[in-house]
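Open your viewer, switch to a cartoon view, and let's take a walk through the fold one selection at a time.

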Amino acid sequence: MQESTVHGSSVHGELTEAAARLAAVGERPAAPCPDPVNAAMIRNWTQALGDPGGWDGVAPPAMIQVWSMQGLAGPRQQGGSVADEPLRLLNEGGYGGVVATNCEQTYDRYVKVGERLRSTMRFGGVAGPKKTGMGEGYFVTWYQTWYDENDERVAEMMFRVLKFQPRKRPDGAAGPAKGGGGKAGKGGKYPLQPAIGPDTAFFWDGVNNGELRVQSCDDCGALRHPPGPMCPSCHSTARGYVVASGRGEVHSYVVHHHPPVPGRTPPYVVAVVELEEGVRIVGNVLGCPPEDVTVGMPVRLVFERMDDDLTLPQWTPAGAPPPQEEPEPGPGTAEGGLEIELTPTFVISTALATRDFTPVHHDPGLARAQGSKDIFLNILTTMGLVQRYVLETVPGAELAGIEVRLGVPAYAGDTLRLTGERVDEHTLTVRGAVSLGDHVTATVRLKAEER
């Protein structure tokens, strides 16, 4: 890790020393689980997440972390968290923003109503400082294992968060600059609007219909973009269009940091994408960190809604079904999908049902102060929705584990659509997409025998 100085003092050295010391301690008891596994918390969880229930005396496996969450006013009891010291050092060093990024859970068995669990924790490590889409930050990783009253292991988890420095506005406050931190709010107007004339109206009409239209010459058939009044090949003014497949690869790109662009928060990727049809088009790459973008990377089309009137064609890494299209049923593909309207009530109630009281999931003002545009789903809810999708897709299956990696935030007011693919008899991959791109990619393992 390289040296980083924040607020006039070096946090990096203290963080490195604390990480090494904590890792050397190994596994240690965590704070006691506040409550036994109980039907009331299971009912709150299933109702908030829309889970159909029917757990018959056992808890949904994706709830495992909920049983050890301390709650809003829960005092720090013996053990605490192995990550408390690194997180405190980062807070004091100016890395006040926090967002979960990865979670991997393994289930030895489902826990039963009435059981009182205990858990242990082990510190994993700290990586950073790293430049991310949220700002400069450190990734903090720890492990937790749950045991029953007979000291038999029932589940284990790897958990990783990003602690980052919320970006500063020109006036010195945290959060997006006025008029330039993100897309327009509901009822607002995105500050950059395209000039639409006779040569380009067909293109924007296509975008509004969910199509990427490429101008074609009616005489020689040549394709061209940007559109224009005359074919550069045969000089004909007869023109039409074809609808592009929406697939291509990154021909070149830049990571934009400066100058400020109204409606965008840097850094972000502006790419020239070469379509399968042979023409090139410019757009932003969404759904992955700028450092993950490479020349030649396959991408697919997504549409980003900027305000009530403007939608833009953008790009995201290939591999997931488009968020607004039903996947084609076929070998290895789970039919249909699970669509969730992310109302503020849903975002808040699911966070509370998972005993997560982090303000970014409840308080829009504090979420914006951290650099977000609004409150967003917590990772425990995302885990639960992945579980719900799989069990609705494969009725009667028993989960052996879930691994999730978060991408773009799932903000209140958006729609989350989960789709999946059956890799083999015991493995499914799940993707959850929102308007910004992929919110979650997950691998779910099933046990060999059904429940």
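Which residues of helix H4 (residues 201-208) are buried? Select the helix in this predicted model and show its side chains: Phe202, Phe203, Trp204, Gly206 and Val207 are the buried ones.

Next, select helix H3 (residues 84-92). Its buried residues include Pro86, Leu89 and Leu90. Look along the axis: these three sit on the same side of H3, because they span an arc of only 95° around it. Covering the buried residues of H3 you will find, among others, helix H1 (12-25) and strands E5 (118-132), E6 (135-147) and E7 (153-164).

Now for the largest nonpolar core, which has 88 residues. Select Trp67, Leu117, Leu342, Ile379, Leu399, Ile402 and Val404, the residues with the most contacts inside it. Helix H7 (residues 379-393) gives the most to this core, with 8 residues. Color domain 1 (1-168) and domain 3 (330-451) separately: both give residues to the core, so it lies between them.

Zoom in on Ile379. Beyond its neighbours within four places in sequence, Ile379 is in contact with Ala100, Thr101, Asn102, Cys103, Phe159, Val404 and Leu406.

For a last stop, go to a second, separate core of 24 residues; Phe202, Leu212, Ala244 and Ala271 are among them.

Notes: Residues numbered from 1 in each chain as written. Predicted model: local features only at pLDDT ≥ 70, side-chain atom pairs only at ≥ 80, totals over all residues. Heavy atoms only, no water. Buried < 20%, exposed > 50% of the residue type's maximum accessible area, 1.4 Å probe, protein only. Helix = DSSP H or I, 4+ residues; strand = E, 2+ residues; numbered from the N terminus. Arc of directions from axis to C-beta. Contact = heavy atoms within 4.5 Å. Core = buried A, V, L, I, M, F, W, Y, C linked by side-chain atoms within 4.5 Å. Domains from an automatic or database assignment.
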